[in-house]
Amino acid sequence: MEPDAGDVDAIRELINIGVGRAAGMLNDITGCAITLTVPSIQIVEYAHFSKETGKEKDAALSTVSLNFRGPVSGIAALVFPPESAAHLVMLMTQENEGSGELDAIRIETLKEVGNIIINAVMGSIANVLRQHLSYSLPNYQELGISSLARSLHTQVDDRVVIANAHFRIEKTPINGNILLILEMGSMDALLTSIRGMDH
């Protein structure tokens, strides 16, 4: 089943509902003024995603990922360039870059942010499916995108939803990506549920 333009818009809207909820939770936790939007998404086959991103294989990225299982299964990840990740953590924790504790704080903060955002996005998708999804604990890695793709144990037939995430923390913009890697058959299940909403 191939996603059409209406499906892509519906998935983007589901992701935006999730990140909106996540931004509210992060506001409450940090006391910072945080907004989070996803203005655009792409849906590509994993083989195409891997080939395209291989061009940047040497650029290390800060990545929080977790597995999800249910009527749709796969991997969800929040991905930042390292400088964006460091900036995000400094804004949210008020720690400066010279702090000796920054590395440990950075990893724990990014895992917590990633966990909140990914769970909110997947919760939005689970509401459409009207079924429960189970999740693994979040995992933090710093590695290039091609190494990340290999580490996520994806298959050639998997579909990848690439969502451009725009953060604004105390008026400072920070960009990252939300990746949803859907195992074979999971995209069909999601599209069937989305199209069923219209009836």
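Me: How many residues does the chain have, and what share of them count as buried?

Reply: Of the chain's 199 residues, 49% count as buried. Buried means under 20% relative accessible area, exposed means over 50%, and partly exposed lies in between, with a 1.4 Å probe and protein chains only. This is a predicted model, where local features need pLDDT of at least 70, side-chain atom pairs count only at pLDDT 80 or more, and totals for chains, interfaces and linings use all residues. Residues are numbered from 1 along each chain as its sequence is written, and side-chain values use heavy atoms, with hydrogens and water left out.

Me: What does the accessible surface of the chain come to?

Reply: Accessible areas come from the Shrake-Rupley method with a 1.4 Å probe; for residues, only the protein chains shown count as cover. Here the total is about 9600 Å². Carbon and sulfur atoms hold 50% of that surface.

Me: How many helices and strands are there, and in what order do the elements run?

Reply: Elements are DSSP runs numbered from the N terminus: helices are H or I with at least four residues, strands are E with at least two. This chain has six helices and seven strands. From the N terminus, the order is α-β-α-β-β-α-α-β-β-α-β-β-α.

Me: What share of the contacts joins residues 24 or more positions apart?

Reply: Contact means heavy atoms within 4.5 Å. Take the contacts in the chain with a separation of 6 or more: residues 24 or more positions apart account for 74% of them.

Me: How do I read a helix, say helix 3?

Reply: Start with its span. The expected value is 1.5 Å times one less than the number of residues. Helix 3 covers residues 82-93, twelve in number. From first C-alpha to last it reaches 16 Å, close to the 16 Å expected. Then check burial: S84, A85, A86, L88, V89, L91 and M92 are its buried residues. Just after helix 3, Q94 has a positive phi of about 65°.

Me: How many salt bridges does the structure hold?

Reply: A salt bridge is a side-chain nitrogen of Lys or Arg within 4 Å of a carboxyl oxygen of Asp or Glu. The structure holds four. One of them pairs E2 with R159, whose closest N and O atoms are 2.6 Å apart. E2 lies in the segment before helix 1 (5-30) and R159 in strand 6, so the pair ties together parts 157 residues apart in sequence.

Me: Are E2 and R159 buried or exposed?

Reply: E2 counts as exposed, at 55% relative accessibility. R159 is buried, at 13%.

Me: What else does R159 touch?

Reply: R159 sits in strand 6, residues 159-169. Neighbours within four places in sequence are set aside here. Beyond them, R159 contacts several residues, including M1, P3, I43, Y46, L182 and M187.

Me: Which parts does the R69 and E183 salt bridge link?

Reply: The side chains of R69 and E183 meet at 3.0 Å, N to O. R69 is in strand 2 (residues 60-69), and E183 is in the loop between strand 7 (172-182) and helix 6 (186-196). They are 114 residues apart. R69 is partly exposed at 41%, and E183 is partly exposed at 31%.

Me: Where do E142 and R106 lie?

Reply: Their side chains form a salt bridge of 2.9 Å, N to O. E142 is in strand 5 (residues 139-144) and R106 in helix 4 (residues 102-129), 36 residues apart. E142 is partly exposed at 46%, whereas R106 is buried at 13%.
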